[in-house]
Amino acid sequence: MTERFGLLDPEKIVAILLWAAFFCVLVILQKFVWKPILANLKRREDDIRKSVENADKIKADLAALEASKAKMMDEARDKGNALIEQSRKAGNDLAAQIEARAKKSAEDILNSARQEIEGERERVRTALRKESVQTAVSLAEKILKENLDAEKNKNLINQALKDI
């Protein structure tokens with residue numbers, strides 16, 4: 001048998017149809033599938049890039065906040081220490097004032113007691129003077145009443161001294 005088919009050989013037709021179907025599927029895939037897939041990949045890449053940039057920005061903001069926090073903590077610690085020192089000084093001043101008042105009060109009480117003692121001494125001295133004057137007058141009276149001899153005077157003086 002002779003080959004007459006030539007260009008219309010079934011193997012060649014199948015090969016041509018296969019290549020035509022491949023290119024049709026390739027064009028259809030390019031138009032309807034490949035472009036949306038590439039667009040989605042591009043959009044996803046952009047989202048990932050933005051997320052990485054945002055993460056870097058957030059990391060920088062966090063570092064700034066940490067520095068700010070550390071600065072605020074240092075300031076708060078300094079203010080706290082200043083307040084504690086001021087309170088300590090005020091407490092010491094108040095204690096010194098209370099101590100000074102207590103010393104003054106003690107001195108006033110001591111001076112008052114000294115004055116009372118001095119007044120009491122003076123009163124006792126006055127009373128003692130009056131009593132000794134009365135005793136002397138009484139002795140003189142007794143001596144004058146019985147002034148007969150020296151022995152009676154001695155006995156009278158000894159008796160008066162025993163009475164005192």
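A residue counts as partly exposed when its relative accessible area lies between the limits of under 20% for buried and over 50% for exposed. In this predicted model, E118 has a relative accessible area of 39% and is therefore partly exposed.

E118 and R121 form a salt bridge, with the closest N and O atoms 3.4 Å apart. The two residues sit 3 residues apart in helix α1, so about one helical turn separates them. Side chains of opposite charge can pair when their charged atoms come close.

Helix α1 covers residues 10-145, and other pairs are found along it. D46 and K42 are 4 residues apart in this helix, which means that about one helical turn lies between them. Their side chains meet in a salt bridge with an N to O distance of 3.9 Å; the cut-off is 4 Å, so the pair counts. D46 is partly exposed at 26% relative accessibility, and K42 is partly exposed at 46%.

E45 and R49 also lie in helix α1, 4 residues apart, about one turn of the helix. The side chains of E45 and R49 meet in a salt bridge at 2.9 Å, N to O. Relative accessibility is 41% for E45, which is partly exposed, and 39% for R49, likewise partly exposed.

The structure as a whole holds 10 salt bridges, among them the one between E118 and R121.

Notes. Residues numbered from 1 in each chain as written. Predicted model: local features only at pLDDT ≥ 70, side-chain atom pairs only at ≥ 80, totals over all residues. Heavy atoms only, no water. Buried < 20%, exposed > 50% of the residue type's maximum accessible area, 1.4 Å probe, protein only.
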